[in-house]
Amino acid sequence: MSTRLARILTTIFVLAVVLLPIYWLVSTSLKSNREITQEGTLYPHVPTLDNYVRLFTEKQFGSYLTNSVVVTFFSVAIALVFGAMGAYAIARFRLPFAAERKIGLFLLTLRIIPPVVILIPVYLLMLSLGLLDSWLGLIATYTAFNITFCVWMMESFFREIPVDLEEAAMVDGDSRFGAFRRITLPLAAPGLAATAIFAVLVTFNEFLFALALTATPRAMTMPRGTATLIGRIDTDWASMAAAGVIGALPIVFFALLVQRHLVRGLTMGAVK
Amino acid sequence: MQNGMQARKYRLQGAGLDLALPYLMLAPGLTVVLGVLVYPLWDGLRASTRAYRYGSPVADVGFHNYVQLWSDAQFLNSLWVTVKFVALSVSIEAVLGFALALFCLREFRGIRLLRTVLIIPMVITPVVVAILFRLIYASDAGMLTALSVAMGGGGVQILGNPLNAFIGLVVLDVWEWTPLMFLILLAGLQSLPHEPFEAARVDGAGSWRVFADLTFPMMRPVLAIAIVLRTIDAFGTFDQVFVLTRGGPGEATRLISIYGYDTAFKFQQTGYAAALFVTIGLVVLALAFSAIRLLRRIDAS
């Protein structure tokens, strides 16, 4: 009986610690600045949606959202196609000098290096190509990061699929690439989905490169736009809170929808 | 029949286009990676040996930038702050995550809700996590102040005080990443074999003995993996600090990534910043590889 009580209390405590900050964000976003700073209420006494309306009418949050969706979609889609092909080659072929293993290890090493290390040269590269503050510059950067992740993740999924099925297809007259496309790829679909989901999460949330590579609402992504807004409005807590809700809502909703597939990516494959 | 066998063998070994297939499949991805990651990496190494003025290289200075780092008080301070931040956050996360995982090992009502809710902190945009905590810490509009006032106290100062701001940053990181530790460790606990635990129960071992003699030793490799993953990740922490404190007050929360960013983009010392980032990269790689060797040793013993 006492362990049951301890269990209930711990559960409630953990839920409170996680959810209270989120409650406070949402609650603040529904108050006016006057209520926030002068009355210090614990819940919105006069709820208002003005803060949200202002974000879209005055602060270009529509553009940020569009930019984020476009950049995330293309960089994940391209990385998934290129990454799956590369991962298949590494998982299935034996190349001279064990090149496929060396390439795999090399991509993993690239993944371990913190991205901040190449921030300056990527900035200089995009500057010289005239791709600063553009969708293309961000898409190219995120695609490259996503490829290292996709190859590494998809490789383990492909290894779990028996070779016999492809061989059978090839005996029946399929080409090697045909067997990959018609047999292996559909079988790896759950893995492909898990990979895509995690890539979407990381790309949508990325801030550092968006900070260095974009400067106007033309290309600024959601996290970048949110951070800029906060830099400008140090005491406009209501707008800040609303921006936080809008910034987090799409990705949290998405994550809860697909949570089953999320765990493997989040834990870098430490958990299967 | 003979002919058929021959054809089959021929096909499986690959012929014509099939021979080039692995290269064709690797080419698109590798091209992008070489262009956008590897070339910049090389370019960064080159930049780190140069002196810049107004964003253009003016002189080759060899290893001068690297040497200068170690007599730069601001760099050394940011390194120290980073090490403190990583060590403190990751160890608290490991302890809390482990405790929570042990707690959730038995199925009970509410556990699914708990797991779902625990996903939220780690998927929220890091920039927004920082907003969450600014709204908690703010001396005028913050949750802590509102609670303190509601209980009859006064305003609470967090981000204006060096020590409190640093602790506030650690609390943010613990809130955001303990769930990850929890997930990894829970999966580890669930994959442990049952027999030793049943034997221990038959022998009448107490729960502390079971933990110290069975659970903990068996969990060591998973725990090590979880700690290494978090440590590598925590070393690169940037977004949260940028929005929460921008490194302040003073240099109290100025992590190495923030210092590097400012050196490059605020002070325009491109070459020096490049050397700083190459150094961080080498430190993290060294950490990762020594961790892999350590794990192999644990596996072998």
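Biologist: In helix α10(B), at which residue does the kink lie?

Modeller: This is a predicted model, so what follows is computed from predicted coordinates. Helix α10 of chain B covers residues 207-235, and its 29 residues would reach 42 Å if the helix were straight at 1.5 Å a residue, yet its end C-alpha atoms are only 36 Å apart. A kink of about 50° lies in α10(B) shortly before the proline B:Pro221, and the residue at which it lies is B:Arg220.

Biologist: Which residues of α10(B) are buried?

Modeller: A residue counts as buried if 20 or more other C-beta atoms lie within 10 Å of its own. In α10(B) the buried residues are B:Val222, B:Ile225, B:Ala226, B:Val228, B:Leu229, B:Arg230 and B:Phe235.

Biologist: Turning to the strands of chain B, which residue is the bridge partner of B:Arg53 in β2(B)?

Modeller: Strand β1 of chain B runs over residues 50-53 and strand β2 of chain B over residues 56-60, and the two pair in the antiparallel sense over four bridges. The hairpin they form has two residues between the strands, and there B:Tyr54 takes a positive phi near 50°. The bridge partner of B:Arg53 in β2(B) is B:Ser56.

Biologist: Is B:Gln268, with its positive phi, buried or partly exposed?

Modeller: Most residues other than glycine have a negative phi. B:Gln268 has a phi near 60°, and its place is the loop between α12 (256-266) and α13 (270-300) of chain B. Because 13 other C-beta atoms lie within 10 Å, B:Gln268 is partly exposed.

Biologist: How far apart in space are A:Tyr64 and A:Gly225, C-alpha to C-alpha?

Modeller: A:Tyr64 belongs to helix α4 of chain A, and it is buried because 28 other C-beta atoms lie within 10 Å. Leaving aside neighbours within four places in sequence, A:Tyr64 is in contact with A:Pro217, A:Met220, A:Thr221, A:Met222 and A:Gly225. Although A:Tyr64 and A:Gly225 are 161 residues apart in sequence, their C-alpha to C-alpha distance is 6.3 Å.

Biologist: What percentage of the residues in chain A is buried?

Modeller: The secondary structure of chain A comes to 14 helices and zero strands, and its C-alpha trace spans about 75 × 65 × 30 Å along the principal axes. Among contacts in chain A between residues at least 6 apart in sequence, 74% join residues at least 24 apart. Of the 272 residues in chain A, the buried share is 47%.

Biologist: Finally, how many residues on the side of chain B that touches chain A are nonpolar?

Modeller: The contact between the chains takes 80 residues from chain B and 81 residues from chain A. On the side of chain B, the largest share, 17 residues, comes from helix α2 (residues 17-47) of chain B. The residues of that side of chain B include twelve polar and six charged, and the number of nonpolar ones is 62.

Methods
Residues are numbered from 1 along each chain as its sequence is written. Chains are lettered from A and ligands numbered from 1 in the order in which they are written. This is a predicted model: local features need pLDDT of at least 70, side-chain atom pairs count only at pLDDT 80 or more; totals for chains, interfaces and linings use all residues. Two strands pair if DSSP finds at least two bridges between them. A residue is buried if 20 or more other C-beta atoms lie within 10 Å of its own, exposed if 12 or fewer, and partly exposed in between; C-beta atoms are placed from the backbone. The expected span of a helix is 1.5 Å times one less than its number of residues. The bend at a residue is the angle between axes fitted to the seven residues ending there and the seven starting there. Two residues are in contact if their C-beta atoms, placed from the backbone, lie within 7 Å. Ala, Val, Leu, Ile, Met, Phe, Trp, Tyr, Cys and Pro count as nonpolar, Asp, Glu, Lys and Arg as charged, and the others, Gly among them, as polar.
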